[in-house]
Amino acid sequence: PSLVVELDGGVLHAGAARHPNGDPLAPLIALAGWAGARHGLAAGTVATTGSLCGVVALPRPGLLKATIAGLGTVEARFV
């Protein structure tokens, strides 16, 4: 799927959504094994599995929006 990352409407990245190691589930499976050996994860724990486009530098504060076609959009405001 395609991935678009924007800051206040300006495009910072546009291209294919790809995990650096080729398999976005591999880190999640490893985390599940690690957590299972340590009695699970606490409620509210957030786990990320890596970038789908590499590091995107923010040149200034603003509203960051990332959209994966067919999946959805996430927004965060940086101040």
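**Sheet, core and helix in a predicted model**

The model is predicted, so local features need pLDDT of at least 70 and side-chain atom pairs count only at pLDDT 80 or more, while totals for chains, interfaces and linings use all residues. Residues are numbered from 1 along each chain as its sequence is written, and side-chain values use heavy atoms, with hydrogens and water left out.

Strand β3, residues 62-68, pairs with β4 in the antiparallel sense over seven bridges. Strands here are DSSP runs of E of at least two residues, and helices are runs of H or I of at least four, numbered from the N terminus; two strands pair if DSSP finds at least two bridges between them.

The open sheet has four strands, ordered β2-β1-β3-β4, with antiparallel pairing. At its edges lie β2 (10-16) and β4 (72-78), each pairing on one side only.

I turn now to the core. Leu3, Val5, Ala17, Leu64 and Ile68 form the largest nonpolar core, that is, a set of buried Ala, Val, Leu, Ile, Met, Phe, Trp, Tyr and Cys residues joined through side-chain atoms within 4.5 Å. Buried means under 20% relative accessible area with a 1.4 Å probe, protein chains only. Both β1 (2-7) and β3 give two or more residues to this core.

Finally, the helix. Helix α1, residues 25-37, has 13 residues and reaches 19 Å from its first C-alpha to its last, close to the expected 18 Å; that expectation is 1.5 Å times one less than the number of residues. After α1 comes His39, with a positive phi near 70°.

Key: Buried means under 20% relative accessible area, exposed over 50%, partly exposed in between (1.4 Å probe, protein chains only).
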